[in-house]
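Let's take a walk through a protein together.

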Amino acid sequence: MERRLTAILAADVVGYSRLMGIDEAGTLAALKAVQTELIDGKIAQHQGRIVKLTGDGILAEFPSVVNALACATEVQRGVRVRNTDVPQNRRIEFRVGVNVGDVIVEGDDIYGDGVNVASRLESVADPGGITVSQAVRDHVGNRLDLVFEDRGEQKLKNIEKPIRVYSVILEDANVGNMTSMKQDRPSIAVLPFTNMSGDREQEYFSDGITEDIITDLSKISALSVIARHTSFTYKEKAAKVQNVGKELGADFILEGSVRKAGARVRVTGQLINSNDGTHIWAERFDRDLTDIFAIQDEITHAIVEQLKVKLLPQEKKSIGKVPTDNLEAYTYYLKGRELFHRGSKSCYKAAREMFVKATELDPSYARAYAGIADCDTFLYLRTIEPISFDAILALSEKALALDNGLAEAHASRGAALSAVKRYAEAEAEFEKAISLDPNSFEAHYFYARACVFQGKIEQATALFERAAAIKPDDYASVCILVQFYNSLGRKQDAKEAARKGVKLAERQLTLHPDDAKAAELGSGSLIEIGEFDRAREWIARALSIEPDNPVTHYNAACGYAMLGDIDKAFELLERGILVGGPEWGRWVQHDSMLDPVRHDPRYPVLLETIRKRENERNS
C-alpha cells in the first residue's frame with residue numbers, strides 16, 4: 001500500500017438529475033463539451049491528473065496546492081463565461097472542493113481521508129463556487145490573487161473532526177473584481193515585529209514574540225487570524241497597511257517593534273484598521289526583560305478589548321499560557337531553534353547546548369526536549385558522532401510525557417523513527433503532528449525527508465512545498481525543491497524555485513555570513529539558473545566555512561557534478577563518506593544533481609562503500 005500527500009480537487013455538477021430530466025442528450029453533450037474544451041486542458045496545464053470521472057463528477061489530484069486551486073479558479077471562471085448566453089435552467093455549473101491531505105494509492109485510484117474531505121468540501125460549496133480547507137488556505141497564502149471568506153468550523157458528513165472551511169471569492173464578470181467580503185468574525189494579520197536592537201543576531205527574539213502573539217490570537221474562536229507564514233511574507237517589506245489588509249483579506253493589522261538591551265526590553269504595538277488606516281490602539285512597553293510574557297499577554301488582551309471580542313471560558317484559560325515561564329530558558333530555546341536550522345554539525349552541537357540549558361532552567365520545558373532530540377537525530381544521520389538511538393527516542397518520549405498535544409514532540413519522534421527506517425511508525429507520528437498543528441514547519445520538513453529516504457519523491461516534493469509555504473524565509477526547502485522538480489520533469493518549477501532560492505539564500509548570508517548551508521544549497525540554485533561562476537564562489541565559500549562538515553562535502557560534490565567537475569565531485573563524496581552518517585546512501589540514490597556521475601565506474605564502488613559503512617555502524 002502506497003500513501004502520499006497530495007492536493008485533491010473534487011467537482012460535481014449542480015442539479016445534474018434535474019438537467020437530465022429536462023434534456024438527457026443535450027445535458028450529456030454539454031457536459032462532454034465543457035470537459036473536453038475547458039476542464040481537461042486546465043487540469044493538464046496545471047500538471048494535474050484526472051483520477052476518475054463519474055456521471056456528474058470529477059476527481060483530480062495535483063502536485064501542489066497552488067496548482068490545484070489555480071486550476072479550480074480558472075475552471076469556474078471559464079464555466080461562468082461559457083454560460084453567459086445559456087438559459088439559467090440549462091446551465092452546466094459545478095461545485096468544487098479543494099483539499100490537501102494524505103491519500104492511499106491503489107493502481108490509478110486514490111482514496112482516504114484526504115479525498116473524503118475534498119468531496120465533503122465540494123458538497124458545501126455554492127453553485128459555481130469553490131470551498132477549501134484551512135490547510136489549503138494557509139498553504140496558498142497570498143500567492144494567488146484570491147480573496148477568501150472564512151466560514152468557520154463546520155461538521156461535514158462522515159468526517160470525524162470539524163473542518164474550518166473557506167470560500168474562494170471569484171471575480172464577478174458583471175461587477176468587476178470583488179476585493180473584499182464582510183466576514184462574521186473580524187480578521188487580523190500580525191506582521192513580523194521589527195527588530196530594533198541594532199543586532200541582526202537578535203532577529204530570532206523578535207520573530208519569536210510575533211509567533212507567540214499569533215499563536216495566542218489563533219486560540220480565539222471569535223477572531224479570524226491570518227496564518228504566521230502568510231504574515232511573514234511581509235517581513236522587511238515596506239507596504240501600506242491598507243494594501244496589506246486588502247491583499248490578506250484582513251480587517252485589522254497589528255504591527256510593532258522589539259528593542260532588547262541588557263536586562264530591559266521595549267515593545268511597541270499598533271492596531272490599525274486596514275480599511276481607512278486609522279490607529280485603534282497603540283502602546284509602548286518599557287519593562288524588565290522578565291516581563292516579556294506579560295507584555296505578550298497584555299497585547300493579546302488589548303486586541304480582544306478593542307475589537308470587542310468575547311472569549312469562551314476555555315479560551316480565557318489557554319491565552320497567556322506559555323510553554324515556559326522562565327525567560328532565560330525561553331531565550332535559549334529560541335536561539336537553539338535558530339541555530340538548528342543552519343544545519344551544520346557545529347550548529348547542531350551548539351543548538352543542542354542551547355536546548356539543554358533551557359531544560360536545566362526549566363525541567364518541564366517540553367519543546368526544549370524535542371529540540372535536543374532533533375539535534376541528536378540529525379547528528380546520528382549525518383555524522384559519525386556516537387549517538388544512541390534509544391537516547392533520542394527517550395528524549396522525544398520525555399517531551400510527549402510533558403505535553404502529549406505538542407506537535408513538535410510528535411514530529412521529533414517521527415524524525416527519530418525514520419532515522420532507523422521504522423517508516424510506518426514515523427509516518428503515524430508525522431500525521432499526528434500535522435493534525436495537531438497544520439502549520440508545523442518541522443513536521444512537514446522532517447516528513448518530506450523521510451519520504452526521500454524511501455524514494456517517494458512526489459510526496460516529498462508536496463511536503464517540501466508545504467514547508468516552504470509555512471516558513472517563507474526558509475531557503476533550504478526551496479533550494480531542495482529544485483532537484484526534485486527536475487526529477488519529476490517539472491523544469492519550469494525548478495527554474496522558479498531556483499530564482500527564489502538564490503534570493504532567500506542571499507538574505508540568509510547577509511544576516512549570517514558564516515552560514516555554510518545557505519552557500520552550499522544556494523550554489524545548486526545558481527547552477528540551475530546558469531550563474532556558474534557565482535556557484536563556484538559559493539561552493540568555495542561553504543567549504544572554507546565548514547571544511548570538516550560531511551553535509552557540506554555532499555552538497556559541494558553535487559554542485560561540482562552539475563558543473564562537470566566529476567573528479568572533484570568524487571573526491572568530496574569519498575571524503576565525506578568517512579565522516580558522514582547513514583543519510584548519505586539514502587539521498588545519493590534519489591538526488592538528480594548526482595545524475596552526471598551515475599555512469600562513472602566509480603559510482604557503484606561509492607554505493608558499495610556507503611552500504612558497508614552503514615552495516616558496520618549497525619553491527
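Where is the place of Ile480? You'll find Ile480 in helix 19, which covers residues 475-487. A quick word on that label: helices (H or I, at least four residues) and strands (E, at least two) are DSSP runs, numbered from the N terminus.

Before going further, here's what you're looking at. This is a predicted model, where local features need pLDDT of at least 70 and side-chain atom pairs count only at pLDDT 80 or more, while totals for chains, interfaces and linings use all residues. Residues are numbered from 1 along each chain as its sequence is written, and side-chain values use heavy atoms, with hydrogens and water left out.

Back to Ile480. Is Ile480 buried or exposed? Ile480 counts as buried because its relative accessibility is 7%; buried means under 20% relative accessible area, exposed means over 50%, and partly exposed is in between (1.4 Å probe, protein chains only). Leaving out residues up to four places away in sequence, Ile480 touches Tyr445, Phe464 and Trp587, where a contact means heavy atoms within 4.5 Å.

Now zoom out to the whole chain. Its secondary structure comes to 26 helices and 14 strands. The radius of gyration is 25 Å, close to the 25 Å that the globule rule gives for 619 residues, so the chain is as compact as a globular protein of that length. That radius is taken over C-alpha atoms, and the globule rule is 2.2 Å times the number of residues to the power 0.38. If you boxed up the C-alpha atoms along the principal axes, you'd need roughly 75 × 65 × 45 Å.

How much of the chain is tucked away? Of the 619 residues, 58% count as buried. Look at contacts with a separation of 6 or more, and 66% of them are accounted for by residues 24 or more positions apart.

Let's head inside, to the nonpolar cores. A nonpolar core is a set of buried Ala, Val, Leu, Ile, Met, Phe, Trp, Tyr and Cys residues joined through side-chain atoms within 4.5 Å. The largest one here has 182 residues, and Leu69, Phe94, Val98, Phe205, Leu254 and Ile299 touch the most other members. Helix 13 (residues 366-382) supplies the largest share of this core, with 11 residues. Apart from this core lies another, of 10 residues, including Tyr234, Leu248, Ile253 and Ile272.

Setting aside neighbours within four places in sequence, Leu254 is in contact with several residues, among them Ile188, Phe193, Trp281 and Ile299.

Next, strand 13 (residues 264-273), where you'll find Asn273. Asn273 is buried because its relative accessible area is 17%. Beyond residues up to four places away in sequence, Asn273 touches Asp251, Phe252, Thr278 and Ile280.

Gly336 lies in helix 11 (residues 327-340) and counts as buried, at 0% relative accessibility. Apart from neighbours within four places in sequence, Gly336 is in contact with Ala351, Met354 and Phe355. Ser523 lies in helix 21 (residues 516-528) and also counts as buried, at 0% relative accessibility. Not counting residues up to four places away in sequence, Ser523 touches Ala535, Trp538 and Ile539.

Finally, a pair of loop residues. Gln47 sits in the loop between helix 2 (24-45) and strand 2 (49-53). What is phi of Gln47 near? The value is near 65°, a positive phi in a residue other than glycine. Gln47 counts as partly exposed, at 36% relative accessibility. Lys421 is in the loop between helix 15 (407-419) and helix 16 (423-436). Phi of Lys421 is near 65°, again a positive value in a residue other than glycine, and Lys421 is partly exposed, with a relative accessible area of 47%.
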